Amino acid sequence: MTKTILVLLLLLLAGSMSARAALDPAQVNQLAAEDSSDKVAAIQQLTQTADPDAVRVLKAMADDSLFLAGDKAVIIDGDKAFDAATGAAIGMPVNPESVTVNNRIRGELANALAALKLFDPDAAVRLASAQKLQSSVSPAMAPLLARALEKESDAKIKALLVLAHAQANLGNEDPQARMAAVKALAETSSPTIKSVLLPLTEKAGEPEDKVRYEAIAAVKAIDGRLAIAENVGRVFSGLSLGSILLLAALGLAITYGVMGIINMAHGELLMVGAYATYAMQSLFRAYFPNAIDWYLPAAIPVAFFAAALVGVVMERTVIRWLYGRTLETLLATWGISLVLIQAARVLFGAQNVEVANPSWMSGGIEIMPNLILPWNRIIIVGFAMFVLFLVWVLMNKTRLGMFVRAVTQNRPMAGCVGVPTARIDTMAFALGAGIAGLGGVALSQISNVGPDMGQGYIVDSFMVVVVGGVGQLAGAVWAALGLGIFSKLLEGWAGAVIAKIAILVCIIIFIQKRPQGIFALKGRFVE
């Protein structure tokens with residue numbers, strides 16, 4: 001009994017092995033045909049088998065390892081030769097002829113190999129194959145895709161296969177099949193799918209009126225979703241820009257509110273923070289290469305204290321002697337900005353330096369096929385909100401914050417009740433400069449780092465402070481995010497130059513109607 005079962009098992013195993021080894025030699029030999037159309041037909045026929053041996057043969061053809069020896073196709077790998085149909089080792093043929101593979105054949109081979117990988121046991125391989133087929137799929141692959149769709153259990157891969165199968169059916173002779181394919185593709189938001197459907201909106205591309213009208217409706221639907229995605233992307237870009245403006249304007253709001261100083265060197269404090277980030281990156285590359293991804297967290301306190309130190313030096317040496325003289329302060333700080341720019345050129349060179357994103361800030365979140373939110377901008381928005389929270393705690397829950405608010409609202413009265421106004425001026429300036437340095441850390445992750453990088457943000461920072469209200473954190477937040485989003489939306493519709501002009505006009509009108517800003521500062525002011 002046992003012997004009988006063993007014999008049956010051996011017969012079944014032999015039968016399965018012989019069945020699997022049976023690639024049609026005629027189909028394999030057709031790969032070496034003279035006519036490219038015959039080769040394409042052979043590739044498509046082998047692909048339909050979904051046989052692992054077909055992968056072996058087609059891959060050899062793609063690698064230029066397929067040859068014709070007499071009337072038999074052979075695979076030559078180094079000093080070894082194999083029968084292409086059976087995979088059996090054979091003697092090295094004499095003077096084998098290489099099989100010509102042109103660009104058309106290479107494209108067919110790439111599609112065929114991608115389709116055959118849909119049956120791979122590894123889900124990652126199947127996913128990569130399904131993603132590759134989104135850009136190029138032929139009508140002949142529809143049956144194979146249908147088989148792959150039946151066997152697939154992974155939801156993400158299955159969704160991609162549905163789209164690929166629908167694309168393949170766009171070339172089906174049956175109008176009903178084409179109609180079903182168009183309806184399936186109409187649910188997507190992919191620019192690639194839109195380009196596939198566009199030929200069907202013309203009479204030459206689709207003779208059937210109902211299918212053509214459905215294709216036109218599908219393209220309009222996809223256009224609508226693409227427009228929504230573009231606007232969402234613009235809003236997100238505006239949020240990230242507003243976050244940078246917020247970090248730049250927070251410090252300016254504090255110093256301008258406390259001391260009434262128009263600090264034209266505030267943009268250069270951003271530059272100091274960015275160069276501090278570059279210095280920490282260089283330090284980690286030289287001494288801690290295995291921890292290079294952690295240079296950015298280490299750069300945050302360094303940038304804050306470096307910019308704060310520069311701010312203290314500015315306040316102690318120049319600005320302290322110019323309080324109450326607005327024009328002289330403006331000119332003096334403008335001169336300081338030129339000094340800082342030249343110092344950066346001397347220390348780091350006139351060219352921009354490279355500050356790379358850590359690996360954990362690379363990539364992004366794909367919301368839609370044409371909308372990817374980069375991790376570096378997402379983290380910058382979160383970082384700006386975290387800094388804002390810390391500043392709010394400092395200003396509203398600490399003794400220093402109480403003194404700063406007292407000096408902002410009424411300097412003479414604060415001095416009369418014992419507030420050390422001169423020391424508060426220095427500490428407030430250091431705090432504002434340090435926050436600007438943090439803005440430089442964030443800016444280094446999305447922009448070039450160079451001596452002139454701060455010049456483009458000083459005017460926008462002052463606009464945020466004036467629109468938001470002097471010394472008002474809430475006003476700075478609303479103004480920064482509002483200006484960032486508004487400018488990005490306008491840039492998408494009218495271009496960068498027109499957007500900037502429109503924003504300036506709107507701000508001028510706003511200031512005329514409400515000179516105190518969005519939020520007016522409460523308290524008595526003595527001039």
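Student: Which residue stands opposite isoleucine 76 in β3?
Tutor: Alanine 81 does. Keep in mind that this is a predicted model.

Student: What lies between β2 and β3 in their hairpin?
Tutor: There are 2 residues between them. Glycine 78 sits in the turn, with a positive phi of about 70 degrees.

Student: How do you know that β1 pairs with β2?
Tutor: Apply the cut-off of at least two bridges again. β1 (residues 66-69) and β2 (residues 72-77) have 4 bridges, in the antiparallel sense. So the pairing holds.

Student: Why is isoleucine 498 called partly exposed?
Tutor: Its relative accessibility is 47%. Buried means under 20%, exposed means over 50%, and partly exposed is in between. The value of 47% falls between those limits, so isoleucine 498 is partly exposed.

Student: Where does isoleucine 498 lie?
Tutor: Isoleucine 498 is in helix α21, residues 496-513. It also belongs to a nonpolar surface patch with Val497, Ile501, Val505 and Ile509. Together these residues have about 450 Å² of accessible area.

Student: What makes a set of residues a nonpolar core?
Tutor: The residues must be buried, nonpolar by the list used, and joined through side-chain atoms within 4.5 Å. The largest such core here has 75 residues. Val391 and Val464 have the most contacts inside it. Helix α18 (residues 421-444) gives the largest share, 11 residues. Apart from this core lies another, of 25 residues, including Val40 and Ile105. In soluble globular proteins, nonpolar side chains tend to be buried together.

Student: Which residues does valine 391 touch, not counting those up to four places away in sequence?
Tutor: Leu250, Ile254, Ile435 and Leu473.

Student: What is histidine 165 in contact with, leaving aside its neighbours within four places in sequence?
Tutor: Ala142, Leu145 and Ala146. Contact means heavy atoms within 4.5 Å. Histidine 165 itself lies in helix α8, residues 155-169.

Student: How many residues separate histidine 165 and leucine 133 in sequence?
Tutor: They are 32 residues apart in sequence and 9.6 Å apart in space, C-alpha to C-alpha.

Note on methods
Residues numbered from 1 in each chain as written. Predicted model: local features only at pLDDT ≥ 70, side-chain atom pairs only at ≥ 80, totals over all residues. Heavy atoms only, no water. Buried < 20%, exposed > 50% of the residue type's maximum accessible area, 1.4 Å probe, protein only. Patch = residues over 30% accessible without salt bridge, like charges linked within 9 Å, V, L, I, M, F, W, Y side chains within 5 Å. Areas by Shrake-Rupley, 256 points an atom, 1.4 Å probe, with all protein chains shown as cover. Salt bridge = Lys/Arg side-chain N within 4 Å of Asp/Glu carboxyl O.
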